[in-house]
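Here is a brief report on one protein model.

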Amino acid sequence: MFEKLFFFAEEASSGAGETLTEAGQLITTEYSDLKVPTGILIYLVCAIVLLLAVTVVCFIVIKRHCVNWGMSIMTAAAAFLLFSYLVYNGIFYVLGVIPGVRDTLTENGTLLIILFLIFGAVCDFLSVYLGMMYAVKQNAKRNMYYDIGTAAIFAVAIYTVTLIIEIPNSLTAAPVNGFFNFFTLFSTINTAGFDTFLTNLAQNGVAVPELTEQLVGYVTQSIWSYVFETFWAISRLVFFLSASVLIYGVFREKLEKKMLGLAAAVILISLIPKALAYLGLHPVICTAMAIVFAAAIFYYTLLIVKKQMPEELDRVSRRIENNNNRRNQNQNKPMPKIVMPKD
């Protein structure tokens with residue numbers, strides 16, 4: 001993501017090739033006229049709006065369908081930050097300080113992506129499993145009402161956090177932050193020019209060829225890469241929802257414990273399109289995979305809920321219907337007549 005660009009700009013690379021030797025000297029490259037198409041800039045803005053709109057709509061639906069959602073939101077955010085952020089980063093920090101492991105992972109990109117996939121799936125599963133366990137136990141302990149809506153709230157909260165929290169060394173880059181950073185980068189390049197922007201970033205002595213290659217890669221990236229990131233992020237909402245509902249059902253003893261394995265598989269499947277995209281599979285295929293996987297998982301989870309937890313769905317829908325009926329009754333009820341006392 002864009003943060004790596006500034007890492008290169010801040011770290012001096014001595015003896016790493018051609019560098020900027022004099023302050024103020026303009027670097028000229030064969031990409032002087034390179035511009036980012038306006039269509040990509042427009043799409044980045046639309047993608048940010050779409051992702052945030054999904055969040056807003058979900059919370060509006062939650063407000064109308066579910067109760068007792070404050071604890072679920074806080075628990076989901078805390079669980080994700082603890083396991084999918086701190087624990088995950090801790091794992092790769094330890095791997096990075098083990099002699100020989102860092103060099104092996106640097107040289108073997110495929111192995112690194114596989115580790116991202118495995119540890120990402122494990123930490124995401126722990127976030128959902130332990131977070132949902134805590135939410136269910138606390139609600140029961142405090143004698144607070146909760147139902148399958150608790151799992152839905154939990155999933156939407158995690159989805160919202162994933163949009164804005166950037167996880168280093170991860171497959172799950174925060175799309176809202178990423179799109180905004182790319183929009184800023186591309187707008188600056190189009191305004192100032194590629195060579196001027198490159199010169200400004202290279203002032204600290206970083207290797208110019210390396211920086212140029214990275215910038216060109218960003219600028220010439222296909223719009224399908226951003227389309228994939230958008231739909232993959234939305235598909236993750238479905239996967240988190242499915243996993244949360246299945247784990248919720250197990251803790252409420254309405255589903256068999258083997259469903260925990262299915263929940264873990266759902267989390268793993270959610271990361272596969274992103275891993276394949278990193279390994280070079282075309283973004284169009286990865287986008288289709290993300291959509292198809294999410295639709296299949298949603299449908300299968302819905303069948304399980306309808307078959308084994310029908311009262312949960314009925315309870316939620318009945319509450320909505322009662323609220324609507326009550327609202328309609330209040331609107332249709334005639335105003336009471338006020339009889340003034342006679343003198």
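## Confidence, cores and cysteines

This is a predicted model, in which local features need pLDDT of at least 70, side-chain atom pairs count only at pLDDT 80 or more, and totals for chains, interfaces and linings use all residues. Residues are numbered from 1 along each chain as its sequence is written, and side-chain values use heavy atoms, without hydrogens or water.

pLDDT is the predictor's confidence in each residue, from 0 to 100. The protein has a mean pLDDT of 83, with 84% of its residues at 70 or more. Contact means heavy atoms within 4.5 Å.

Next, the cores. A nonpolar core is a set of buried Ala, Val, Leu, Ile, Met, Phe, Trp, Tyr and Cys residues joined through side-chain atoms within 4.5 Å. Buried means under 20% relative accessible area, exposed over 50%, partly exposed in between (1.4 Å probe, protein chains only). The largest core has 51 residues. Val128, Met132, Ile158, Ile247, Tyr248 and Leu255 have the most contacts inside it. Tyr248 touches Met132, Val136 and Glu312, among others, leaving aside neighbours within four places in sequence. A second, separate core holds 39 residues, including Leu185 and Phe197.

Finally, the cysteines. Cys58 is buried at 18% relative accessible area. Cys123 is also buried, at 1% relative accessibility. The structure has zero disulfides (pairs of cysteine sulfur atoms within 2.5 Å).
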